[in-house]
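Me: I am new to this structure and would be grateful for a close look at a single part of it.

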Amino acid sequence: MASSTVSFIIIIIIITTVLLPSLSSQLSDLFPSNNPPPFLGKHSHPIKQPNHHQQYRYETRYFSQPLDHFSFLDLPRFRQRYLINTEHWVGPSRSGPIFLYCGNEGDIEWFAVNTGFVWDIAPRFGAMILFPEHRYYGDSMPFGSKEEAYRNATTLSYLTAEQALADFAVLITDLKKNLSAEGCPVVLFGGSYGGMLAAWMRLKYPHVAVGALASSAPILQFEDIVPPETFYNIVSNSFKRESSSCFDTIKNSWNALRSEGQKEDGLKQLSKTFHLCRELTSVQGLSDWLDSAYSYLAMVCKRIDGSPAGSSILERIFNGVSVYYNYTGEVDCFQLDDDPHGMDGWNWQACTEMVMPMSSDQNTSMFPAYDWDYSAFREGCQRDFQVTPRPRWITTEFGGHDIEHVLKSFGSNIIFSNGLLDPWSGGSVLKNISETIIALITKEGAHHIDLRASSTEDPDWLVEQRATEIKLIQGWIYNYSKKMKATFEI
């Protein structure tokens, strides 16, 4: 891989700060967490993008949503936030399309300013742009506040993918009715968990949306559909291709971390070595923090390998992850418990229905070896949330097994886009299913990089990928308009 291409990918990743799973391990009592895998990661930091905020103009509105779409109980409603832009919309008289981004597990404004592709193409389509926020994230809190919404398993029980999809469907249906825009086609977009929602919404509500671009959407990362070691193998292979010495340094660092933490003043010394704002109370949080950086950032290898002679393993590791966590060079110390996107509700989702088995292989992974232990995972969820996971529910509700037959028989107009540098690609759809269920694969692509804003530095393969996506979306809208015209004439 050309170094310029690698640099480009890493710059994009750093800017978007999309992080990955917390480390689970049975190496010793040091790594027992078996934590569910968040897509953003609890250690991600907010992005300062004043230019994007000026460029992406939108109005913030709120919509009154039912707390439970699937019962007739008289329950309190909540205010769902959504962002809307009609600057380029040609209106209902010309059947102007509506581009709806399926809000992820975080503040919707963060996703709006990091999904430049939708903003870039809206003018040529004459499209309205809509960013509805996922319930229980950002400002879209049931029961009036996050404290009340997250109080216990009873109040959190309405935080599900099914309820979120129903929110999107009810919102867009009501909005179209109020604007006399019932004939305007809706195109769904989403990246990561949002990409999963986009694909599932197209399957569950085909009458609401004409198609979906599901970028980096691991809809197969459930049960035993893909091997549990897939995710960490992809991360590890990327590092090994970049630098075998870097790979070895990271692989050996876990023992060094454990040994240092067991010393009398070990936690204090680790806090100093890694420039932490507060002294560690255990090594687990630090291991999670390191794992988040490794899971996307093979460029840490240059800093690890280029550390001054005589640097210890842990000093080399700090130099490497500083590329990720302190890319501006302005951070004095690091917080391990930040949640700037308001997405810690993902732990609840992963403990209920979004159960994604993962493991780390001793021979192929640079991470501590561990096996997926559902019993330990279940016990952790029962302890933390007083709830028992339902690991088979997602495949029951949305499918996953025998995906090729199912999508070929019952699906249409979905793009699954993936870059093979993205560890989540191993749980996504990586081949064409039919003429309308398309897989767009790029060898050098990273986590939903196609949804980012275009740049003059974009490599040719990314430009071509986006051009293909635009052509497919144009086809969906054209075919919809053609059918609507034929129906009207009848």
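Which residue stands opposite Phe131 in β4?

Reply: The residue that stands opposite Phe131 in β4 is Leu83. Please note that this is a predicted model.

The chain contains 19 helices and 8 strands. Of its 490 residues, 58% are buried. Its accessible surface amounts to about 20700 Å², and carbon and sulfur atoms account for 50% of that surface. When contacts between residues at least 6 apart in sequence are considered, 74% of them join residues at least 24 apart.

Strand β4 covers residues 128-132 and is mostly covered, with 5 of its 5 residues buried. The side chains are divided between two directions: Met128, Leu130 and Pro132 point one way from β4, while Ile129 and Phe131 point the other way. The residues on both sides are buried. In this structure, buried denotes a relative accessible area under 20%.

Strand β4 also has pairing partners. Strand β2, formed by residues 78-85, pairs with β4 in the antiparallel sense over 4 bridges. Strand β3, formed by residues 98-101, pairs with β4 in the parallel sense over 3 bridges. There, Phe99 has Ile129 of β4 as its bridge partner.

These details can be read together at two residues of β4. Phe131 is buried and points the same way from the strand as Ile129; Phe131 has Leu83 opposite, and Ile129 is the bridge partner of Phe99.

Notes: Residues are numbered from 1 along each chain as its sequence is written. This is a predicted model: local features need pLDDT of at least 70, side-chain atom pairs count only at pLDDT 80 or more; totals for chains, interfaces and linings use all residues. Side-chain values use heavy atoms; hydrogens and water are left out. Buried means under 20% relative accessible area, exposed over 50%, partly exposed in between (1.4 Å probe, protein chains only). Contact means heavy atoms within 4.5 Å. Accessible areas come from the Shrake-Rupley method with a 1.4 Å probe; for residues, only the protein chains shown count as cover. Two strands pair if DSSP finds at least two bridges between them.
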